[in-house]
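Good morning, and thank you for the time on today's agenda.

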Amino acid sequence: MFAAMRTDRMQAVHLFADEQTGLEAIIAIHNTRLGPALGGCRYMPYASTEQALSDAIRLARGMSYKAALAGLEQGGGKAVIIRPAHVANRAALFEAFGRCIESLRGGYITAVDSGTSSEDMDCIAQQTGHVTSTTQAGDPSPHTALGVLMGIRSMARAKLGQEDLGGVRIMLQGLGNVGYALAELLVAEGADVAVSDLDAGKVRLAVDELAVKPVAASAVYESPCDIFVPCGLGGVLDPVTINQLRCAGVAGAANNQLVNAAAADLLDARGILYAPDYVINAGGLLYVALTHRGVAPGDIAHRVKLIGSRLDSIFNQSIAEGRSPSEIADHQAEAILYAE
Ligand code: NAD
């Protein structure tokens, strides 16, 4: 356990149990140098406590890097609630978790993640103020989409030598909360947009409303385009799909797009520029963190738009030094997190 913490330079891992509600939860705090740790709360079954712990640790570390490069005065943390086989009272379970958060006195601020909803955050809010993404706080997805749009513009500058997105061929995978909002923004900018989703209804809607082109889910990787935009699940960039890609760059919202660190080098070797996922998709984090601090909506949009200039600097350094954008981003984040 301590070895795992040392490897990931973790600050603290808290374990909580509540007999009455059956709650078993982990709050992993990676780094609070820049401010209190903020990160989502997962609610899912785990095969073992070890698996839940390693998930919490890995994800908390990712949040520190994301917050650092988003320019937030916020640390990285993540919570995992191990979903029991049977839950008598979900609201009571999340209220109990709210008391756990409150016991950390503001060291950790929670948010929605896989398996949790804004309604669950409302239950947590009964017990603590250290919670974002409640029903009242609003949906971060449009802000994530805005940040990704800025990242796509940055990629068009770096790779296509083009300031605007007019005529840029986009292959967008996943028309969920982020993907659909992004499709609207891209069409408004004059991009040539093709879309794909496992849900045929979402594709039909986009074709009807936005006049985008439909592509079968199985054909997205080999579909020729300028920029491939993954907005579905993570893990889509592996040796097989990377070899199929026929694009100049990858810039999308999905978390953990690379199946492993070697995938960044494979993209590099193929001359495909990659926008590190945690940099380009930070708009949602900026929204929840800054809303929680009471920052005005116009100022939040301004901060989200800065994702474009952050990526400009990463792409320029990557091209100048012949190192992958992922490596450059990690080094930039570590320079912020561990500066003497
Ligand atoms: P969502 O669940 O609303 O949408 C995902 C969509 O992708 C669904 O419509 C699903 O059918 C589709 N999809 C899944 N696999 C696919 C495939 N192989 N081919 C085509 N379509 C596929 O999720 P979302 O909130 O839009 O988030 C999208 C991604 O962005 C996720 O990876 C999420 O973790 C990440 N992300 C989201 C936010 C946010 O603000 N919502 C912030 C940061 C990162």
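Predicted model: local features only at pLDDT ≥ 70, side-chain atom pairs only at ≥ 80, totals over all residues.

The domain assignment gives domain 1, residues 2–125, and domain 2, residues 141–337. Their C-alpha centres lie 27 Å apart. To the contact, domain 1 brings 19 residues and domain 2 brings 23 residues.

How much area do domain 1 and domain 2 bury between them? The figure is about 1800 Å², and 66% of it falls on carbon and sulfur atoms. On the side of domain 1, the residues that lose the most area to domain 2 are Y65, K66 and L69, which together account for 40% of what that side buries.

Let me turn to the polar side of this interface. Seven residue pairs are in polar contact across it. Helix α2, residues 49–69, gives the most to the side of domain 1 that touches domain 2, with nine residues. By class, that side of domain 1 has 10 nonpolar, four polar and five charged residues. Between the two domains there is one salt bridge. R293 forms a salt bridge with E73, and the closest N and O atoms are 3.7 Å apart.

My last topic is F315, which is placed in helix α13, residues 307–321. Is F315 buried or exposed? F315 counts as buried because its relative accessible area is 0%, and the cut-off is under 20%. Leaving aside residues up to four places away in sequence, F315 touches S154, M155, A158, L273, Y274, A275 and P325.

Key: Residues numbered from 1 in each chain as written. Heavy atoms only, no water. Helix = DSSP H or I, 4+ residues; strand = E, 2+ residues; numbered from the N terminus. Buried < 20%, exposed > 50% of the residue type's maximum accessible area, 1.4 Å probe, protein only. Contact = heavy atoms within 4.5 Å. Domains from an automatic or database assignment. Buried area = accessible area lost by both parts, 1.4 Å probe. Salt bridge = Lys/Arg side-chain N within 4 Å of Asp/Glu carboxyl O. Polar contact = N/O pair within 3.5 Å; in protein donor to acceptor, adjacent residues only side chain to side chain. Nonpolar A, V, L, I, M, F, W, Y, C, P; charged D, E, K, R; others polar.
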